[in-house]
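Keep the sequence and the 3D view at hand as you read.

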Amino acid sequence: MIPNLYLPIGVDDFKTVKKDCYYVDKTLFLEDIINSPESATFLFTRPRRFGKSLMLSLCKYFFDINEDSLTLFKDTNIINKDHRYAEYINKYNVIHLNLKGINGRSYADYIELLKFKISDIYSDLINPENDFENNVINRKCTNNELKESLYYLTKKLYKKNNVKTIILIDEYDTPLETAYVNGYFDDARDLMKDFLGNAIKSNPYLYKAIVTGITQVSHSSIFSDLNNLMVNNILSNKDEFFGFTDDEVEKLLRYSNFNGDYNEVKRWYGGYFFQNKEVYNPWSILNFISNIFVYKAYWTNTGSYKLLHETVKLLSGDVNSDLVSLTNGENVNTTINENISYDFVDNNINLYSLLAFSGYLSIHPNFPSNYYTVRIVNEEIKIAFNKEIMETLVNKDNFMILKKIKESLISFNTKEFVSNLAFYIQNRLSYLDLNSEKAYQIMIVTLGSVLMDDALVSSEIEEGQGRCDIVIRSISNNDYSIILELKYLKNRPSISDLEKSASKALNQIKEHKYYSDALRINSKRILLIGLSFSHKNSAFKDEVYR
């Protein structure tokens, strides 16, 4: 292997990756496409940054009649498996449409942006010869002409080259997500249904269609009456080509002269179970190597899934406990729907389905068949989950008080921390919601998970000789560990009773040595806090252990 090949971080062009970068051969992905019946439509759904766009680029270079790719695919897995697959190289028209940029704030914007996309494709593939073609290229087409434009182009290309067309649609669900968030989903869905449906349903000029996205929008919304739709998602029982396998990661790490712990790499970036096969996030692995093996959350800055945030906002409070359990590394049993319905985004099952298909949860089949055990995938995703999901549970208007809560806590100023926390409780929460120790625990863990972006926040974990309510520990440099034990008193106790209860909580920390793990990892600073609550009243006792 040629040393010092570039790592293909953010490179979606297959030719560039194959010629100039370290390349993990995924060309056997093409085998199922080639061997499927003509006019078959494939829907591939995977989380963001798992190589969907690169895979469509692979398809374009392989099939496109306007490319010369025989040398490019020489000695690839697909050709080495059966040289007869070379007969399909550059034999078809290809229409490649990326819908990522269709993010208009209104239905009119949505229409205009889609016109731009299809206009560019027409300009690249044909010379206009009539009013319809000129209207599309000049973005003056009517909505009805726009709906017919993709089908029309397959017919035009067939007459031009006497071969059928393979249609590649990338991120088909992005415009629908944007439309839902901005309030024009029904109009956007109906237009997309006709735009895609006219081209892929019963089209005599179609060879194959490949569509990618994060989620599978309900068939009734987009793919209704499409009998030849072949869905390939993380639950399918197929070969997996989108993630990196153990062998692929180990080979890449050896090539990069990694001398660290492979199990630690897996703990941070592995743990995805797609089609019952464990895989790693390619984006994260490549960035981990590029940053000289620094463990951090690389996936969190690659964008977010707006529909998921909207779903979390609409959920009832009873799901918050499960979300906190997930942040603590616990399993949750739930139903997973393969079809995401935009009509019921406030449904808890929809939440877990979105979390799973968006890449936050590792899923393992249970019984019955649509019932699964789910957990947060790995350390990187735990950070992403806290940053991107848990923060949605916190009102953004509380920024200043939340900032004070964080600053007082990491500076070990317990008095200010409790004062700021009490202010937050007084002004933002109802005493009816704060009726148990668990309720306060969920509140503090949720706030901590959102605020402490440089720390891990855990609850109910084994520490010393028991289970500690909350542990907050800095991620890097072992800078600090904060151990909190909570107590809840009913019937509006006196301040004296609250203070006694807080002392009892602090003594429990010391008696059961909940700080033992902080000592083991040699935390530079250790703070012990006993907190006692009753409705909106509180008391504390603290001790700086070191």
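Start with Asn 162, which is exposed, with a relative accessible area of 57%. For these labels, buried means under 20% relative accessible area, exposed means over 50%, and partly exposed is in between, with a 1.4 Å probe and protein chains only. Asn 162 sits in the loop between helix 7 (143-161) and strand 3 (165-170). Helices here are DSSP runs of H or I with at least four residues, strands are runs of E with at least two, and both are numbered from the N terminus. The phi of Asn 162 is near 60°, a positive value in a residue other than glycine.

Before going further, a word on what you're looking at: this is a predicted model, in which local features need pLDDT of at least 70 and side-chain atom pairs count only at pLDDT 80 or more, while totals for chains, interfaces and linings use all residues. Residues are numbered from 1 along each chain as its sequence is written, and side-chain values use heavy atoms, with hydrogens and water left out.

Now follow strand 3 to the loop that joins it to helix 8 (174-182), where you'll find Glu 171. Glu 171 also has a positive phi, of about 55°, although it is not a glycine. Is Glu 171 buried or exposed? At 19% relative accessibility, Glu 171 counts as buried.

Zooming out, the chain has 21 helices and 17 strands. Of its 546 residues, 54% count as buried. Take contacts (heavy atoms within 4.5 Å) between residues at least 6 apart in sequence: 71% of them join residues at least 24 apart. The accessible surface, from the Shrake-Rupley method with a 1.4 Å probe, comes to about 24000 Å², and 45% of that belongs to carbon and sulfur atoms.

Next, look at strand 12 (residues 371-376), which pairs with strand 9 (residues 332-335) in the antiparallel sense over four bridges. Two strands pair if DSSP finds at least two bridges between them. Within this pairing, Asn 333 has Thr 373 of strand 12 as its bridge partner. Strand 12 also pairs with strand 11 (residues 361-365), antiparallel again, over five bridges.

On to the aromatics. Rings of Phe, Tyr and Trp (its six-membered ring) pair if their centres lie within 6.5 Å; planes under 30 degrees apart count as stacked, over 60 as edge-to-face and the rest as tilted. By that rule there are 39 aromatic pairs. In one of them, the ring centres of Phe 14 and Tyr 61 are 6.4 Å apart and the planes are at 45°, so the pair is tilted. Phe 14 lies in helix 1 (residues 14-20) and Tyr 61 in helix 3 (residues 52-63), so the pair ties together parts that are 47 residues apart in sequence. Phe 14 is buried at 1% relative accessible area, and Tyr 61 is buried at 11%. Both belong to a cluster linked by ring pairs, which includes Tyr 23, Phe 73 and Tyr 207.

Rings meet charges too. A charge sits over a ring if NZ of Lys or CZ of Arg is within 6 Å of the ring centre and within 35 degrees of the ring normal. The charged end of Arg 139 sits over the ring of Phe 116, 3.9 Å from its centre.

That leaves the salt bridges. Counting a side-chain nitrogen of Lys or Arg within 4 Å of a carboxyl oxygen of Asp or Glu, you get 23 salt bridges. Glu 31 and Lys 81 form one of them, at 3.0 Å from N to O. This pair links distant parts of the chain, with Glu 31 in helix 2 (residues 29-35) and Lys 81 in helix 4 (residues 77-81), 50 residues apart. Glu 31 counts as buried at 18%, whereas Lys 81 is exposed at 53%.

Glu 240 and Arg 46 form another, with the closest N and O atoms 2.8 Å apart. These two residues are 194 residues apart, and both are buried. Finally, Glu 264, Arg 267, Glu 379 and Lys 382 are linked in a network of salt bridges.
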